[in-house]
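Here is a friendly note to read alongside the model. Please keep the structure open and find each part as it comes up.

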There are 2 protein chains.
Amino acid sequence: MVTITDISRACGVSRATVSKALNGAPDIAPATVERIREQARALGYLPNATARALKVGRSYNIGVLFSDPTGGGISHEFFSTIFENIKTEAERLGYDITFIGKDFGPLSLDFYEHAKYRSCDGVVIASADFSEPAVRRLVESEIPTVTLDYTFEGRTSILSDNVSGMEQLVRFAYENGHRRIAFIHGELTSVTQKRLVSFRRTCASLGIAVPQEYIRQAVYHNPKSSGLETRALLALPERPTCIFFPDDLSFLGGMNELERNGVRIPDDISVAGYDGIPLSQILRPRLTTYRQGAQEMGTEAARLLVEQIEYPDMWLPQQVTVRGELVKGDTIRRIG
Amino acid sequence: MVTITDISRACGVSRATVSKALNGAPDIAPATVERIREQARALGYLPNATARALKVGRSYNIGVLFSDPTGGGISHEFFSTIFENIKTEAERLGYDITFIGKDFGPLSLDFYEHAKYRSCDGVVIASADFSEPAVRRLVESEIPTVTLDYTFEGRTSILSDNVSGMEQLVRFAYENGHRRIAFIHGELTSVTQKRLVSFRRTCASLGIAVPQEYIRQAVYHNPKSSGLETRALLALPERPTCIFFPDDLSFLGGMNELERNGVRIPDDISVAGYDGIPLSQILRPRLTTYRQGAQEMGTEAARLLVEQIEYPDMWLPQQVTVRGELVKGDTIRRIG
DNA sequence: GAAGGTAACGAAATCGATTAAGATTTCCTG
DNA sequence: CAGGAAATCTTAATCGATTTCGTTACCTTC
């Protein structure tokens, strides 16, 4: 391994000089800097992040946490998109990504300990169950964090515009003549709760009455569960003309159930999803949905976390809302 | 931050003793060990991975590389499954995961430099374009690697059983009476090449003639591209009775094209995918496909890499083939 | 009781890089 | 040309943990 010591010997200067030259310190003669840079290149020198981290107390390493058991893992397109963008932005800023898991290693470290053990400069909490003590310990710790779709006192968070998104979907259905809209929502988390409230409020403000049976709860990100609720909706004496699903993936479960019953989309019933994952636009008919700004959420999360890390003094926690976009698709049909 | 120095002061022993006690060295009195362990717990001590890495020359950190532009990224279910399992196994063994990207940071490090900069003990190359010089540089370097679905002289690799998988699919179609089987394959990489050869060989051994027009090339993991080839197949004077797609995701493109032309699956035509991603079994009809052992591939990759790292002497490169499983699904119909 | 053995612990070097403080040389300027 | 500022470079401590090689004290054993 080539170290600054090798360079210093090759150039006949001290290690300090090499370090400073490589880092652009102001008190090294330009000619010397050039000579050192040249040698570094010639020897194939690479700085050692570990050594630097130890000395300066900064690892240039940020942790990411994806651990929501309800499908909020990296295998979901929405989250993998977020992850990709966190990674891209972080790397652009010179930070590496380390995955933070729980029960890490033989010592079974929890999230906080894991992040600390790896000297993460900060952590992006992309999906997690905030009722879990281990998650709370991390978010309440001294480690800088950015939370996605969850606000926490004194912390920075990136929020998807769930209220506005749901409102747009409802209005879109309304404009297409729908007055009997059912909503299968996920278990009540802070996210699904917001969508539910927005759904109710928007319906009310449009003068749409929503019977109790039209509001159903399924398991978030779980097609099978949504399938069951869909069946229940079809059995109602007065069927809805439009069904909102908790998310795009869940819609697939509903879709199967509808097909099995010979109910065509959107001829016989209209549907909408939520998320706007790529898959939803590959299938035909293209799903009407609300595309969350996953790319921007990821990018912003990384950007704000790094900002917080690098300028801790002039830092104030903030809540950033990322706007998504209504994807009209073809599954909400004009009626009435 | 609590360090061994704090513990040593609290216990009135030297730092060396603390280190040894915590690491189970044989020359510390049991009573002392107990006392030190107790204090460590009381003070909330956490070892500093960075410092340890610097001293012992091992970071307990492995890199993962997902960078195939042809859809081999983390957003694909097949690859995210692999990743999840690499991560789980690695963490169980006490290793962290760092994502290796190219053009890293302000210095624009390539893969090798990036891995070296982070002192990765090894790298799992999960998806990459091996014709890329940056990838070759890494795989030819002194850094231990495990390669997925690609063999490289002197390197360990985990291979999916592409030959056997494709053979099983062809035989399954044959047993269901199909004699006119078309195959849309991906661009020729080492993986798709194996499947193509196996397809041809199996067909030949079963006495199935495969006209030139039945073999078509599409872009791997790209639904749109497969849709176009599907259209071409439908236009043939003698349509195939069964179409094999490059992969499950690509099938979706074909599916749309078939539906648009009023061709029903599997009543009018049979189809098969490849990969066995969860999505393929959510949709109805369930896709006939070959499920690659993604979980096992990930687990094995991590396990073998760590083995290689920890016992470099008694190490010999090996090729492990992970068997998958035929998923019969409902899209190949009995005919004839 | 002298020689040697062993158990338990400590001193100090080390990993690679950074950085405050100091040393040396160069260069002005009045 | 003396005095001091400016430019340039070095010394040495430091980050936290590991590890080699002692050292000390206490036993054995003949």
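The points below go through a sheet, the helices on it, and then the cavities.

1. A word before you start: what you are looking at is a predicted model. Please keep that in mind at every point.

2. Begin in chain B, with an open sheet of 4 strands. Reading across it, the order is β7-β6-β8-β9, and the pairing is parallel. At the edges you will find β7 (215–217) and β9 (270–272) of chain B, each of which pairs on one side only. From one strand to the next, the twist averages 20°.

3. Now look at one pair of neighbours in that sheet. Strand β6 of chain B covers residues 181–185, and strand β8 of chain B covers residues 242–244. These two run in the parallel sense and are joined over 3 bridges. To see how they line up, find B:F183, which stands opposite B:F244 in β8(B).

4. Which strands does helix α8 of chain B touch? This helix (residues 162–175) packs on the sheet and touches β6, β8 and β9 of chain B. Its direction makes about 170° with that of β8(B).

5. Next, the cavities. How many of 30 Å³ or more does a search of the whole structure find? The search finds 3.

6. The elements that give two or more residues are α4 (49–56) and β2 (96–99) of chain A, together with α4 (49–56) of chain B. By class, the lining has 4 nonpolar, 8 polar and 3 charged residues.

7. The second largest cavity holds about 60 Å³ of space. Residues lining it include A:D248, A:F251, A:L252, A:I277 and A:S280. Helices α11 (248–260) and α12 (278–282) of chain A each supply at least two lining residues, and α11(A) gives the most, with 3 residues. What is the make-up of this lining by class? It divides into 7 nonpolar, 1 polar and 1 charged.

Terms used: Residues are numbered from 1 along each chain as its sequence is written. Chains are lettered from A and ligands numbered from 1 in the order in which they are written. This is a predicted model: local features need pLDDT of at least 70, side-chain atom pairs count only at pLDDT 80 or more; totals for chains, interfaces and linings use all residues. Side-chain values use heavy atoms; hydrogens and water are left out. Two strands pair if DSSP finds at least two bridges between them. Axes are lines fitted to C-alpha atoms, for helices over the stretch in contact, and angles run from 0 to 180 degrees between N-to-C directions. Contact means heavy atoms within 4.5 Å. On a 1 Å grid over the protein atoms alone, a cavity is a set of points where a 1.4 Å probe fits but cannot get out, and a pocket is an open set with protein on both sides within 12 Å along at least five of seven lines; lining residues have an atom within 4 Å of a point. Grid points are joined across faces, edges and corners, and a volume is the space filled by probe spheres set on the points. Ala, Val, Leu, Ile, Met, Phe, Trp, Tyr, Cys and Pro count as nonpolar, Asp, Glu, Lys and Arg as charged, and the others, Gly among them, as polar.
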